Amino acid sequence: AFVIAITSDFIPRLVYAYKYGPCAGQGEAGQKCMVGYVNASLSVFRISDFENRSEPESDGSEFSGTPLKYCRYRDYRDPPHSLVPYGYTLQFWHVLAARLAFIIVFEHLVFCIKHLISYLIPDLPKDLRDRMRREKYLIQEMMYEAELERLQKERKERKKNGKAHHNEWP
């Protein structure tokens, strides 16, 4: 559940399709509902905000002819000109909540399926369970017979020795 929720793009796509995309609030999803997803999943970073030690070696002019001012990266952050630069957006929190909900639902689903399978498939085959019950029954029968023989021998010996009581069992 964690691997699927954190590493896959499945949950952010669903959040975008149902909450932020062109079909948001309509209860439908499809290819047309994902228009603009890449742009919505990328954040903007001002290149001049780099620290001195992590500044890029090139200004990007070899690609576009003019120096680049911004770069895009995969995250849900506010742009540099907002009130809280590079703070988390509401979409980030929606995606995080959806990921946590997915983890909980998926985990419970797996446990329910596991318990259903363990209920449906017995630990012992029926014929082996029957044989074990039969063996237990035979052992109890042998123990009762042995105890009965012992008591009958004791009774006979008491009668021989003249210590017989008339309220004795058996």
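Residues are numbered from 1 along each chain as its sequence is written. Because the model is predicted, local features need pLDDT of at least 70 and side-chain atom pairs count only at pLDDT 80 or more, while totals for chains, interfaces and linings use all residues; side-chain values use heavy atoms, with hydrogens and water left out.

**Exercise 1. Determine which cysteines form a disulfide, and describe the bond.**

Step 1. A disulfide is a pair of cysteine sulfur atoms within 2.5 Å. The structure holds 1 disulfide, and C23 and C33 are its partners, with an S to S distance of 2.0 Å.

Step 2. Both C23 and C33 lie in the loop between α2 (10-20) and α3 (37-41), so the bond ties together parts that are 10 residues apart in sequence. Helices (H or I, at least four residues) and strands (E, at least two) are DSSP runs, numbered from the N terminus.

Step 3. The disulfide is left-handed, because the torsion about the S-S bond of C23 and C33 is about -90 degrees.

**Exercise 2. Classify C23, C33, C71 and C112 as buried, partly exposed or exposed.**

Step 1. Buried means under 20% relative accessible area, exposed means over 50%, and partly exposed lies in between (1.4 Å probe, protein chains only).

Step 2. C23 and C33 are buried.

Step 3. C71 has a relative accessible area of 28% and is therefore partly exposed. C112, at 53%, counts as exposed.

**Exercise 3. Locate D9 and R74, and describe the link between their side chains.**

Step 1. A salt bridge is a side-chain nitrogen of Lys or Arg within 4 Å of a carboxyl oxygen of Asp or Glu. The structure holds 8 salt bridges; one of them joins D9 and R74, at 2.6 Å from N to O.

Step 2. This pair links distant parts of the chain, since D9 is in the loop between α1 (2-7) and α2 whereas R74 is in strand β2, 65 residues apart.

Step 3. R74 is exposed, at 56% relative accessibility.

**Exercise 4. Describe the salt bridges of E154 with R150 and of R46 with D49.**

Step 1. In the bridge between E154 and R150, the closest N and O atoms are 2.4 Å apart. The two residues are 4 residues apart in helix α6, so about one helical turn separates them.

Step 2. E154 is partly exposed at 31%, and R150 is partly exposed at 38%. Elsewhere, salt bridges that share partners join D9, R13 and R74 into one network.

Step 3. For R46 and D49, the closest N and O atoms are 3.4 Å apart. R46 is partly exposed, with a relative accessible area of 26%, and D49 is partly exposed at 31%.

**Exercise 5. Describe the surroundings of T89.**

Step 1. T89 belongs to the loop between β2 (70-74) and α5 (90-120).

Step 2. Its relative accessible area is 19%, so T89 is buried.

Step 3. Contact means heavy atoms within 4.5 Å. Not counting residues up to four places away in sequence, T89 touches Y76, R77 and D78.
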